[in-house]
Amino acid sequence: MSSGGYADNDLVVEDDRVIAHNDTKFFALDLNTGDVLWEHEVVFPEKIGEYDVFSEEIYGYAVDNGELYFLTRYEWDDGPGDNIVRSEITQLDATDGTEIDNHEITDRDIEPPTDSEVVVTDDRLLFAAENTDVDTDQYDDWGTFDEEWYLYSADRTDLSSVDSKRIDDIGSGGEGRGLFDIRSNDDTVVFKTNANGDGTYRLHSHDVSTLEENSVRNFGDGSAGGFKHAVDDEMVYVANNTPVGGDASEVYALTPTNLDDQHWQTTTDEYSPFDDSIEENRYIHDHLAVADGQLLTNSRSPQGTAIP
């Protein structure tokens with residue numbers, strides 16, 4: 001096993017093994033013994049022409065039905081101040097770590113976010129990326145520019161068959177903006193954008209096959225944690241953590257293809273034990289998950305204090 005530092009990534013359990021990675025290597029461990037079952041070293045180019053490659057990294061990954069899919073990116077300096085980024089998607093056999101398919105994305109210089117997710121449906125892989133080859137002439141008087149974020153979809157049986165859709169209105173250059181929290185069933189992909197980098201979040205619904213937009217719903221100021229969402233075959237569930245002046249700790253059930261079509265709404269009536277007299281001290285939701293017909297959530301105090 002490599003002695004390299006481990007990236008901040010979730011562990012994935014598949015059958016009798018747990019799969020994880022560091023910056024350049026995937027490995028599988030036996031759940032019962034901890035023995036290394038296989039390792040897969042991701043091979044990055046050392047040079048592009050005369051230029052050295054740097055910033056080699058593994059980003060999001062997912063395992064489904066014995067197959068492992070992951071994103072990688074690397075970068076090189078093609079002249080003074082002209083860094084070029086390339087990203088690839090790769091498919092491995094999760095039982096032994098052998099490579100099945102690989103594709104370099106060449107339609108634009110894209111960079112997945114550091115917390116990038118790969119979401120698997122029956123037929124497609126879904127992920128988000130930012131176009132790094134932006135025109136600096138777009139900079140305005142505030143030194144910012146319109147970012148270009150894309151939703152990507154790849155065919156699981158042929159990774160070279162890749163479609164993309166630019167998602168508009170994702171603010172200006174800077175921290176905290178982007179496309180993230182991708183959730184999907186086999187027909188609809190739902191994700192969140194932080195359009196202005198100020199806690200203003202939107203929930204988007206797109207068709208998995210065509211990537212065309214179904215609907216968008218604005219959940220307003222989310223500076224107390226934004227909102228969390230989960231998707232199953234029938235519903236999109238949203239926990240809105242809007243602070244004072246909004247629907248704190250409200251949970252909604254929405255139609256995946258029409259986010260304005262609301263089936264029910266409920267409120268978490270648990271309050272912080274430190275001050276239960278005002279509404280903004282309701283617990284807020286950190287995560288949502290759907291399992292066996294139930295909606296599961298965990299909560300924390302809005303002030304970041306521990307729940308007894």
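## A question to start

Is D163 buried, partly exposed or exposed? With a relative accessible area of 39%, D163 is partly exposed. Keep in mind that what you have here is a predicted model, so every value below is computed from that prediction.

## The chain as a whole

Let's zoom out. The protein chain has zero helices and 24 strands. Of its 308 residues, 46% count as buried. The accessible surface comes to about 15100 Å², and carbon and sulfur atoms own 40% of that.

As for contacts, take those in the protein chain with a separation of 6 or more: residues 24 or more positions apart account for 41% of them.

Four strands make an open sheet in the order β1-β2-β3-β4, with antiparallel pairing. Its edges are β1 (12–14) and β4 (36–41), each of which pairs on one side only. On average, and ignoring direction, neighbouring strands in this sheet are turned by 20° against each other.

Inside the sheet, β2 (residues 17–21) and β3 (residues 25–30) run antiparallel and share five bridges.

## Two nonpolar cores

The largest nonpolar core has 18 residues. Those with the most contacts inside this core are I19, F26, Y61, V63, L68 and F70. Two or more residues each come from β3, β6 (51–64), β7 (67–77) and β8 (83–93). Apart from this core lies another one of 14 residues, including V118, F127, A129 and A154.

L68 is a handy place to look around the 18-residue core. Skipping neighbours within four places in sequence, L68 is in contact with I19, F26, W38, Y61, A62, V63, T90, Q91, L92 and A94.

## Salt bridges

Opposite charges on side chains can pair when the charged atoms come close. In this model the count comes to 11 salt bridges. One of them joins the side chains of E117 and R183, at 2.9 Å from N to O. E117 sits in the loop between β10 (110–111) and β11 (119–120), while R183 is in strand β15 (residues 178–184), so this pair links distant parts of the chain, 66 residues apart. Both ends are partly exposed: E117 has 22% relative accessibility, and R183 has a relative accessible area of 28%.

Back to D163, whose side chain meets that of R124 in a salt bridge (3.5 Å, N to O). D163 lies in strand β14 (residues 158–167) and R124 in strand β12 (residues 124–131), so the pair ties together parts that are 39 residues apart in sequence. R124, at 13% relative accessibility, counts as buried, whereas D163 is partly exposed.

## Around β15 and β16

K192 forms a salt bridge with D181, and their closest N and O atoms are 3.2 Å apart. K192 is in strand β16 and D181 in strand β15, 11 residues apart. Why does K192 count as buried? Because its relative accessibility is 3%, and the cut-off for buried is under 20%. D181 counts as buried too, at 18%. Elsewhere, salt bridges that share partners join K25, E39 and E41 into one network.

T188 also belongs to β16 (residues 188–194), and T188 is buried with a relative accessible area of 3%. Not counting residues up to four places away in sequence, T188 touches R183, S205, H206, V208, N214, P256 and T257. R183 in that list is the residue that meets E117 in the 2.9 Å salt bridge.

Definitions and conventions: Residues numbered from 1 in each chain as written. Predicted model: local features only at pLDDT ≥ 70, side-chain atom pairs only at ≥ 80, totals over all residues. Heavy atoms only, no water. Pairing = 2+ DSSP bridges. Axes fitted to C-alpha atoms, helices over the stretch in contact; angles between N-to-C directions. Buried < 20%, exposed > 50% of the residue type's maximum accessible area, 1.4 Å probe, protein only. Contact = heavy atoms within 4.5 Å. Areas by Shrake-Rupley, 256 points an atom, 1.4 Å probe, with all protein chains shown as cover. Core = buried A, V, L, I, M, F, W, Y, C linked by side-chain atoms within 4.5 Å. Salt bridge = Lys/Arg side-chain N within 4 Å of Asp/Glu carboxyl O.
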